[in-house]
Amino acid sequence: MNTEMVRTLSFENLKTDPNLIEYVDENIIILNQVDTSFSPDAPIKLDCFMMAFCFEGEVNVNINNKMYQLQADHCAVLLPNTIIRHVPIIGKCKMRIIAFSSQCIKSLVGIRKEIWDISAYLHNNPLYPMKKEISYRLYLYKELEIDYMNEQESPFGKEIKKHLFSAILCELFSSLYKLIPHQEKKLEFKNDRSIYIYRKFIEKVNEDDGSNRSVSYYADKLCYSPKHLSTVIK
C-alpha cells in the first residue's frame, strides 16, 4: 500500500514568504529570484496554474512521476493538480515564478477547445525551451510590470495589470499551441470516446461562459444521461 502523503500547495500558500514576493493580488503572484537549492520533503499537489521561467543553472524535478531537467532559458508550465515530488538536488537554478488562480485563468483566456488541447499537451510535456523572441517579449512585459507596480495607483491600474498578465498568458499559450502535433488537435472519438465527450462538454461550457452549472442541462445538450456524463467528466 502506498502511504505517501501529498501536501496541497494552494494559491494562498505561495504568499507566505514575503521575501520572495515581487507582486501579489487576489489572483496573481510573482515570485522572483527563487533559489531551488530548496526542495520539498513531501510530494506537492498544485492548486493553481504556475509558470516557472529558469534564467540560470539547472535542476532535476519529478513532475507527475516523470523526471525532467529544467535548464536555463526553459519554462515549466504546471497545471492545477500537477504532482511535484522530492528529488535529491544535484544542482540548482534561479527562477521567476508566476502563479495564477484557476478563476483568473478562466477570466483571462476563457475555456475553449484550444485551451483543452494545450492542457492535454502540457500534461505530457510540462517543459519547453523559450525561443529568443518569446524571451525578449517576456522581458519587456517584466519591465512594464515593474513600472506599473512602482507607480502610484491610477483609476485604471487594476485593468492595466489584468491585461498585461493576459498578454503574457496569450503569448505563452500561442507558442505552446504551435508545438502541438496537428493530429492531436482533432476531435476524433474513434481514439478515445471519453476524451471526445469531455472535449464536447468543454466546448458547450465555453459557449455558455460557464453560466449553466447543471449536469442535466449539459447532458441534454450532448444527448447523454446525466449519470454517464458525470462519470466521464470525473
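This is a predicted model: local features need pLDDT of at least 70, side-chain atom pairs count only at pLDDT 80 or more; totals for chains, interfaces and linings use all residues.

Student: How many residues has the largest nonpolar core?
Tutor: That core has 28 residues. Phe49, Met51, Val77, Phe100, Leu169 and Phe173 have the most contacts inside it.

Student: And which element gives the most to this core?
Tutor: H4, with 6 residues. There's also a second, separate core of 24 residues, with Leu31, Ile44, Cys48 and Ile63 among them.

Student: Switching to rings: how many aromatic pairs in the whole structure?
Tutor: The search finds 3. In one of them, phenylalanine 49 and phenylalanine 173 have ring centres 5.8 Å apart and planes at 75°, so the pair is edge-to-face. It links distant parts of the chain, as phenylalanine 49 is in strand S5 and phenylalanine 173 in helix H4, 124 residues apart.

Student: Is phenylalanine 49 buried or exposed?
Tutor: Buried, because its relative accessibility is 5%, and the cut-off for buried is under 20%. Phenylalanine 173 counts as buried too, at 8%.

Student: Which residues form the aromatic cluster?
Tutor: Phe49, Phe100 and Phe173 form one cluster.

Student: Back to the helix, where is serine 175?
Tutor: Serine 175 is in helix H4, residues 157-179. It counts as buried at 14% relative accessibility, and its side chain makes a polar contact of 3.4 Å with the side chain of tyrosine 128.

Terms used: Residues are numbered from 1 along each chain as its sequence is written. Side-chain values use heavy atoms; hydrogens and water are left out. Helices (H or I, at least four residues) and strands (E, at least two) are DSSP runs, numbered from the N terminus. Buried means under 20% relative accessible area, exposed over 50%, partly exposed in between (1.4 Å probe, protein chains only). A polar contact is a pair of N or O atoms within 3.5 Å; within protein, one must be able to donate a hydrogen and the other to accept it, and residues adjacent in sequence count only if both atoms are side-chain atoms. A nonpolar core is a set of buried Ala, Val, Leu, Ile, Met, Phe, Trp, Tyr and Cys residues joined through side-chain atoms within 4.5 Å. Rings of Phe, Tyr and Trp (its six-membered ring) pair if their centres lie within 6.5 Å; planes under 30 degrees apart count as stacked, over 60 as edge-to-face and the rest as tilted.
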